[in-house]
Every structure is written in structure tokens, then in C-alpha cells.
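The sequence and the structure come first.

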Amino acid sequence: MSHIHGKDTKPELWVRKYLYAHGFRYRLHVKRLPGRPDIVIRRLKTVILVNGCFWHGHTEPPLPSPVEDERGGVHCKYFVMPRTRVEFWTKKIERNKARDLEDREALKLLGWNVIVIWECQLNQTEIREQTLRSLVLTLSQIELDNAKSRRPAVKRYQLEEMGETSYSLVADDSDTLEETQ
Ligand SMILES: [Zn+2]
């Protein structure tokens with residue numbers, strides 16, 4: 001079970017280091033914003049959320065290296081439900097996911113771009129470099145959009161599989177509260 005929880009986790013530090021090396025300046029765990037986002041780039045009105053796969057319930061698109069559980073469900077290999085107190089953990093993770101969704105929605109309403117990066121997209125060395133490169137590309141794109149328009153569209157980005165071994169951050173606007181109701 002992966003216990004990536006809280007501040008200054010290893011995946012978060014990788015992201016921070018990479019951003020800094022590429023000239024991006026940020027603030028951390030900003031209390032005034034919904035969900036205290038991990039990394040906040042105010043100049044680009046963008047937050048980056050580095051999610052631990054267990055705590056934030058990485059049960060969606062099997063990316064990367066998915067595993068199949070005994071019930072045939074496919075999920076991230078870092079999301080492993082503990083064998084004991086299953087009900088407690090299931091409820092807890094579901095609550096976390098619901099709160100994450102609310103936070104993302106609130107950020108969007110406040111005009112912030114939201115980039116979500118999962119622990120598994122950084123932990124696996126063969127993917128980390130692509131994830132980070134894609135992140136910097138996306139930030140540059142946001143910078144361009146901001147320069148072009150006074151009111152640029154607010155977007156949410158997720159890493160997606162573009163080919164068997166290729167991953168890229170793509171804008172995803174399907175993630176709204178209505179959809180889960
Ligand atoms: Zn994951």
C-alpha cells in the first residue's frame with residue numbers, strides 16, 4: 001500500500017525541482033485556495049496537483065502499468081485496497097475523491113487551470129521524464145494562451161496515453177460535478 005500523503009512527497013519534489021530548473025516560480029500549499037493546492041503558479045493562474053495514487057483513489061483510466069484485481073477491475077498498480085477494514089478504506093477513499101472533485105471544480109470557477117499529475121506517472125522512471133516534459137510544454141501553452149487572450153479558457157489537464165509508450169498532458173473538460181450526479 002502506498003502511503004503518499006501530505007506535503008513534500010517525493011513525486012512532488014521531482015515536479016518542483018523540474019519546474020524550478022525550467023524557470024517557473026511557484027508557491028506551495030496555498031491555504032487561500034480550495035484544497036490547498038500543492039503547487040501554485042500565480043503568473044499563469046495554474047495549479048498543479050500531485051496526487052498520491054492510494055489516497056486520491058487512482059482507479060480511473062489504467063495508466064500506466066495497470067493491474068487487474070480479483071474482481072476483474074482494472075486500476076493503477078499503486079492503488080491497492082488493504083485486505084483489512086475494506087469498508088472503512090473504501091469509504092475514506094471515496095470521500096477523498098469526492099472532495100478532490102469539488103476542489104477542482106471550485107478552482108475552475110475561480111479561473112484557475114488545474115493540472116493533475118499522479119504519483120505513478122512520476123514514480124516509474126521511464127515515464128517520469130515524459131510527464132515532466134509534457135508538464136512544461138503545457139505550461140508554455142498556457143502562457144501563450146494567456147498572452148493571446150485577455151480571458152483565456154480555463155482548462156483542466158490530465159496525462160493521457162498517446163501510444164503504447166507515449167504520454168502527454170491533454171485538456172479535459174469532462175470533469176464536472178454534474179457528471180457524477
Ligand atoms: Zn496511479
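The largest nonpolar core of this predicted model has 31 residues, and those with the most contacts inside it are Ile39, Val47, Ile48, Val114, Ile115 and Ile117. At least two residues of this core come from each of strand S2 (39-41), strand S3 (46-51), strand S6 (113-118), helix H3 (120-123), helix H4 (125-148) and strand S7 (156-161). Among these, S6 gives the largest share, with 5 residues.

**Strands**

Strand S3 is mostly covered, since 6 of its 6 residues are buried. Thr46, Ile48 and Val50 point one way from the strand, whereas Val47, Leu49 and Asn51 point the other way, and all of them are buried.

| Strands | Sense | Bridges | Residues standing opposite |
|---|---|---|---|
| S2 and S3 | antiparallel | 3 bridges | Val40 and Val47 |
| S3 and S6 | parallel | 6 bridges | Ile48 and Ile115 |

The hairpin of S2 and S3 has 4 residues between the strands, and within this hairpin Lys45 takes a positive phi near 45°. Ile48, which is among the residues with the most contacts inside the core, is in contact with Val15, Asp38, Ile39, Ile115 and Ile117 when its neighbours within four places in sequence are left aside.

**Helix H1**

Helix H1 (residues 10-21) has 12 residues, which at 1.5 Å a residue should span 16 Å, and the 17 Å between its end C-alpha atoms agrees with this. The buried residues of H1 are Pro11, Glu12 and Val15. Seen down the helix axis, these buried residues fall within an arc of 100°, and they therefore line one face of H1. An α-helix has 3.6 residues a turn, so residues three or four places apart point the same way. The face of H1 turned away from the buried side carries the exposed residues Lys10, Leu13, Lys17, Tyr20 and Ala21.

After the helix comes Gly23, whose phi is positive, near 85°.

Definitions and conventions
Residues numbered from 1 in each chain as written. Predicted model: local features only at pLDDT ≥ 70, side-chain atom pairs only at ≥ 80, totals over all residues. Core = buried A, V, L, I, M, F, W, Y, C linked by C-beta atoms within 7 Å. Buried ≥ 20, exposed ≤ 12 C-beta atoms within 10 Å, placed from the backbone. Contact = placed C-beta atoms within 7 Å. Expected span 1.5 Å × (residues − 1). Arc of directions from axis to C-beta. Pairing = 2+ DSSP bridges.
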